[in-house]
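This report describes selected helices, strands and backbone features of one protein model. The sequence and structure are shown below.

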Amino acid sequence: MYRTHTCGELRLSDQGKKVTLAGWVQKSRKLGGMTFIDLRDRYGITQLVVDAAAPAELVETATSLGREFVIQVTGTVVERQSKNSKMPTGDIEVSIESINILNKSVTPPFTIEEESDGGEDIRAKYRYLDLRRPPLQRALALRHRLAQEVRTYLDGQGFMEIETPYLIKSTPEGARDFVVPSRMNPGQFYALPQSPQTFKQLLMVAGYDRYFQIVRCFRDEDLRADRQPEFTQIDCEMSFVEQEDVLNMFEGMMRSMFKNALGVDIPDPLPRMSWYDAMDYYGSDKPDVRFGMKIHEITDKVQGHGFSVFDSVEYVGAIAAPGCAGYTRKELDALTEWVKRPQVGAKGLVYIKCNEDGTFKSSVDKFYSPEELAGIASAVEAKAGDLVLVLCGPKRKTQTMLGVLRIEMGGRLGYRDPKVFAPLWIVDFPLLEWSEEDGRFYAMHHPFTAPKPEHEKWFYSDKKEDLERVCANAYDFVLNGTELGGGSIRIHNADMQSRMFEVLGIGKEEAEYKFGFIINAFKFGAPPHGGLAFGFDRVCALFGGQETIRDYIAFPKNNQGRDVMIDSPSLIDDTQLEELQIKTCVKE
């Protein structure tokens with residue numbers, strides 16, 4: 001055996017044992033005539049010591065070791081004279097009797113430490129070295145534990161884990177597909193699945209009433225901290241269920257994951273909020289409810305006072321930032337410029353300072369009396385010392401801008417503690433979104449989402465205003481301002497599915513070409529069914545207290561969708577292109 005114990009295992013109770021360890025040299029140092037070596041594996045670090053009285057060959061080998069050398073050592077566990085309470089193995093060290101160098105290492109391009117001196121690009125290029133660092137080891141260990149919790153819980157609830165294909169038919173509705181040419185079918189292409197949506201519904205038709213899969217999915221879209229071109233979902237589907245059954249089942253799964261992976265209890269039951277309330281009060285369909293600072297509409301309080309900016313718009317809304325009345329003019333000007341950024345999109349910012357002495361100071365106080373400013377502050381639930389921030393414009397757009405401003409202020413005020421968890425369900429989404437640009441409806445979720453039963457009368461109406469009233473039988477699981485999962489009760493009736501395609505402007509021929517297989521399947525006794533999918537990478541990141549998902553994926557891509565470690569994507573040679581009967585045409 002290369003080792004009898006790991007580098008994180010030995011304790012003072014092991015004193016006197018003869019042990020063999022193997023791992024990487026974290027660092028070595030000489031103190032007087034003694035040589036100390038920190039030996040590391042993914043379980044921890046153990047200090048090794050070579051006494052000055054040791055054989056000369058052993059001392060010479062010990063002093064020759066460089067960082068990241070792979071070695072095997074044999075020795076005896078002894079009590080450390082100078083203990084290190086910050087290390088689990090800090091009460092002991094191993095007095096070395098032999099060292100076997102298994103592999104030498106060149107000097108790594110950055111330090112393999114808790115905090116590395118390597119930048120993001122260089123660490124991505126040498127990802128296999130970055131993965132040796134404790135933060136990434138903890139991240140992947142958490143991912144592993146969460147995956148095991150998912151499987152244990154769902155297996156206990158009677159779910160079967162069933163794999164679905166990676167090479168499927170392209171049905172571009174939403175994000176772009178990644179496509180794969182077929183050598184055996186020249187000129188034709190597979191698509192990589194954006195989700196197993198249609199296959200899990202077909203499994204319900206096939207009678208597998210509780211399915212799940214921890215599955216890779218693919219979307220060709222612009223990237224950011226919480227997006228990757230290939231990502232992992234906890235994909236689930238159930239038959240003979242209503243919305244309440246699905247929410248209870250997967251609320252239980254998340255409760256189990258929080259409890260068993262983090263030791264955290266979340267509310268039972270979880271709070272629920274309609275999509276309309278989420279937009280009205282938080283400006284987001286994934287609200288962060290760890291803190292208040294709700295959005296309040298003040299249109300009726302500010303219009304009709306001669307301020308043309310407010311008088312000419314559909315909606316005026318505001319939030320109250322606690323304790324921020326002391327913002328200087330310079331700070332307010334900077335905040336005004338911040339809301340003008342493209343990521344927010346506001347044209348300007350109006351403020352009202354609620355001073356501690358009970359007076360009010362506003363950027364528009366020439367249009368409003370002190371009593372009127374006090375009324376606005378009261379409507380926004382502002383208190384003495386608070387700062388009221390006001391935006392205006394089209395209703396939903398302005399609410400979204402206020403939502404972004406709310407999150408920014410919450411971060412500045414320290415309200416977004418990653419160790420505090422505030423999960424909830426968002427329900428009652430609109431089924432459809434109208435595009436003025438295209439003059440047609442799009443599905444808010446996907447075209448297989450069922451309308452709420454009580455709204456079917458509007459779903460079959462030809463009136464645009466009726467269709468806009470229809471709520472989807474859909475739900476999202478939201479945690480700390482991030483959508484972790486979403487799903488719906490599905491359409492299981494072929495006639496209703498055809499009606500959905502009709503509303504979305506998908507003709508019969510197009511629907512038959514893209515989705516004929518599932519429309520036909522529904523004719524053979526499809527059961528009522530529904531489910532959801534959780535973004536597993538996002539779950540891992542938030543459970544780990546991070547916003548970026550990259551550290552929770554072993555080999556992620558960068559913001560350009562590249563793996564700089566293996567230099568992918570890359571060109572393929574002419575022989576491969578010829579076999580695929582493909583010619584490339586890259587625009588300069």
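Is Asp 428, at 23% relative accessibility, buried, partly exposed or exposed? The model is a predicted one. Asp 428 counts as partly exposed, because its 23% relative accessibility lies between the cut-offs of under 20% for buried and over 50% for exposed. This residue is located in the loop between β17 and β18 (432–435).

Most residues other than glycine have a negative phi, and most peptide bonds are trans. Against that background, several sites deserve attention. Phe 240 is not a glycine, yet its phi is positive at about 55 degrees. The loop between β10 and α6 holds Phe 240. With a relative accessibility of 62%, Phe 240 counts as exposed, because the cut-off for that class is over 50%. A further positive phi, near 65 degrees, belongs to Glu 381, which follows α11.

| Peptide bond | Form | Omega |
|---|---|---|
| Asp 268 to Pro 269 | cis | near 0 degrees |
| Ser 568 to Pro 569 | cis | near 5 degrees |

Pro 269 belongs to the loop between α6 and β11. Pro 569, in turn, is found in the loop between α17 (536–543) and α18 (574–580).

An open sheet is formed by 8 strands, in the order β6-β9-β10-β22-β21-β20-β17-β11, with mixed pairing. Its edge strands are β6 (160–161) and β11 (272–274), each of which pairs on one side only. Strands of a sheet pair through backbone hydrogen bonds, either parallel or antiparallel. Within this sheet, β9 (residues 210–218) and β10 (residues 230–239) run antiparallel and are joined by 9 bridges. Ile 214 has Ile 234 in β10 as its bridge partner.

Helix α6 (residues 243–262) lies across β9, β10, β11, β17 (423–427), β20 (474–479), β21 (482–489) and β22 (529–535). The helix runs at about 30 degrees to β22.

**Helix α1**

Which residues of helix α1 (residues 56–63) are buried? They are Leu 58, Val 59 and Ala 62. These residues cover an arc of only 100 degrees around the axis, which means that they are on the same side of α1. Ala 56, Glu 57 and Glu 60 are exposed on the other side of α1. The packing partners of the buried residues are β2 (34–41), β3 (44–50) and β5 (92–103).

**Helix α11**

Helix α11 (residues 370–379) has Leu 373, Ile 376 and Ala 377 as buried residues. Why do the buried residues of α11 line one face of the helix? Seen down the axis of α11, they fall within an arc of 100 degrees, so they line one face. Glu 371 and Ser 378, on the other side of α11, are exposed. The buried residues of α11 pack against α8 (299–302) and against the strands β14 (350–354), β15 (360–362) and β16 (387–393).

How values were computed
Residues numbered from 1 in each chain as written. Predicted model: local features only at pLDDT ≥ 70, side-chain atom pairs only at ≥ 80, totals over all residues. Heavy atoms only, no water. Buried < 20%, exposed > 50% of the residue type's maximum accessible area, 1.4 Å probe, protein only. Helix = DSSP H or I, 4+ residues; strand = E, 2+ residues; numbered from the N terminus. Arc of directions from axis to C-beta. Contact = heavy atoms within 4.5 Å. Pairing = 2+ DSSP bridges. Axes fitted to C-alpha atoms, helices over the stretch in contact; angles between N-to-C directions.
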